[in-house]
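Me: Hi! I've got a model open and would like to go over its ligand sites with you. Can we start with the first ligand?
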Amino acid sequence: MSDLLAVNKLRVVYGQIHAVQDLSLTVAEHERVCLIGANGAGKTSLLKAIAGMIPHRGGSVQFAGRNIAHLSAHQIVPLGITLVPEGRGIFTRMSVAENLAMGAYIRRDKAVVAVEIDAIYQHYPRLGERRHQPAGQLSGGEQQLLAINRALLSRPRLLLLDEPSMGLAPLMVKAIFETLRLAHQQGVAILLVEQNAHLALAHSDRAYIMANGQITQHGNAAELAQDRSIQHAYFGE
Amino acid sequence: MDILVQQLINGLVLGSVYALVALGYTMVYGILELINFAHGEVTMFGAMVALAVISALLGAGVDLPGVVIALLGLLTAIPACMLLGYGIERLAYRPLRHAPRLAPLITAIGVSIVLQNIAMLIWGRQYISFPPILPQGYHTLLGARITDVQILILVASLVLMVALTLLVQRTQLGRAMRATAQSPQLAGLMGVDANRVISLTFIIGSGIAAVAGVLVSAYYGLAHYYMGFLLGLKAFSAAVLGGVGNLAGAMLGGLLLGVIESLGAGYIGDITGGFLGSNYQDVFAFFVLIIVLIVRPSGLLGKPSHDRA
Ligand SMILES: Nc1ncnc2c1ncn2[C@@H]1O[C@H](COP(=O)(O)OP(=O)(O)OP(=O)(O)O)[C@@H](O)[C@H]1O
Ligand SMILES: [Mg+2]
């Protein structure tokens, strides 16, 4: 398999703080990769840098064979990378329907988009019922479902997710991972950041462990789930 | 003649011009949290450019109806102001996008002064009169008088306000503007080019300002390089009154301010026993501004605290 995303020696710096240090990772076409790390490890910084939200200080980001490190977020979305940001990033004052419409902002085939949005309402009746209400009135889990479906409407080849299960009830977490499974079935590659290591490893092909801005371990997700040191550090066992 | 009705009509006419200018302030503030103090000068340029075109056409003896000549002036002023608004943003504000907030504010005041001086150099210090090319008739309404020009101002303002509301609420661009206002970073993740949206916001607001400038100079029959200063301050007061950043608020604030000013000017003599005359009418806008800032700083329709994502 060829690499869809190849991050090479990426560095992200905030003043004196080195959030990401010479970090390399890859995601293959149609692959599910998770990135696990403690608070402040630099996970969000890495995703933001890949998505073009923050500048980086060295290294390269290749996507589908093209260097995208110098592009900004709005230029990267049309290439096929969409980030579901930490804390969901809903347009709270806009309706559910308008949030979804924003997800399809870059698309010209609006008739097809309308059909896809209808399918979302069918599949998630709670979103359908509240399509004209401000999205800020949805529950946290519903907002996360909205954020993920909104991201999928941009038709990404690679979906980046920053702690989608954070603070949600188990039933909602299940619904979210089911949504990701369906997206993956449709051919979307996934780079998932999680603190919930159990969950992340169970839904990934490969995994990277991150600490202090660097990758400390990586490999097959199922194998890492059995690793004693990882169980100790991230499962609290 | 019914004085109260007359003052109301005059107030609504003036207020609709304030509302048009206030929209420009509020649109820019909604997205950049910047008070574009040069906006009043953009309005002034609209009036000046239109008058230059009108007098050139009249001077050349062009044989067209007066309304058409006025329209040609307006249709030149609109793109000229759009270009001006675009240029102001690109040259003066964009380089300061990530600077401390005071820097663009001071720059805005600087741009305003520069534009006044440019206008003074081009068109001089004297008042320029708006030639009588528009219909000069009037109608009687509820015992008061409403002129053709007043009707024209009300209709044009209403059309523009409805059009802008539809643009912002119903179109993809409007959605992108609202998304960018809430969070430029988040809008970027949807593929929205915030700089493009910001440019378009300045362009649209400046186009509306051009119309307002032409209307107000037609109303008073005058234009002057300094006219944007007071008009801008009043429109800014109107935007604050309605809740800065809120489009409906700018419209409501503008109309209300016009009416308050007109009623105030009409009755200030009676209220103060003749101590203050109607020449104090300009005071009301600032009186209103101060009261709003004390009593309800978020304005009539503004949210008490804003929820930026
Ligand atoms: N805007 C910023 N300015 C300065 N420092 C920052 C900024 N954002 C993050 N940091 C610092 O960079 C480091 C990495 O932060 P980051 O948010 O990327 O970590 P994270 O792994 O996503 O953490 P969490 O699990 O808490 O979300 C931390 O030390 C953090 O304090
Ligand atoms: Mg994070």
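Me: How far is an oxygen atom of ligand 1 from an N or O atom in the side chain of K43(A)?
Reply: In this predicted model, that distance is 2.8 Å.

Me: And what about the side chain of E86(A)?
Reply: There an N or O atom sits 2.6 Å from an oxygen atom of ligand 1. E163(A) also has a polar side-chain atom 3.2 Å from a ligand 1 oxygen.

Me: How much of ligand 1 does the protein cover?
Reply: On its own the ligand has 630 Å² of accessible area, and the protein covers 62% of that.

Me: Which residues come nearest to ligand 1?
Reply: Those are G40(A), K43(A), T44(A), S45(A) and E86(A), out of 14 residues around the ligand. By class, the shell holds 5 nonpolar, 6 polar and 3 charged residues.

Me: Which element gives the most to that shell?
Reply: Helix 1 of chain A does, with 3 residues.

Me: Switching to the metal: what coordinates the magnesium ion?
Reply: The magnesium ion, ligand 2, is coordinated by T44(A) through OG1 and by E86(A) through OE, at 1.8 to 2.5 Å.

Me: Is T44(A) buried or exposed?
Reply: T44(A) counts as buried because its relative accessibility is 17%, under the 20% cut-off.

Me: And why does E86(A) count as partly exposed?
Reply: Because E86(A) has 39% relative accessibility, which falls between the 20% and 50% cut-offs.

Terms used. Residues numbered from 1 in each chain as written. Chains lettered and ligands numbered in written order. Predicted model: local features only at pLDDT ≥ 70, side-chain atom pairs only at ≥ 80, totals over all residues. Heavy atoms only, no water. Near = heavy atom within 4 Å. Polar contact = N/O pair within 3.5 Å; in protein donor to acceptor, adjacent residues only side chain to side chain. Areas by Shrake-Rupley, 256 points an atom, 1.4 Å probe, with all protein chains shown as cover. Helix = DSSP H or I, 4+ residues; strand = E, 2+ residues; numbered from the N terminus. Nonpolar A, V, L, I, M, F, W, Y, C, P; charged D, E, K, R; others polar. Donors = N, O, S within 2.8 Å, 3.2 Å for Na, K, Ca; no water. Buried < 20%, exposed > 50% of the residue type's maximum accessible area, 1.4 Å probe, protein only.
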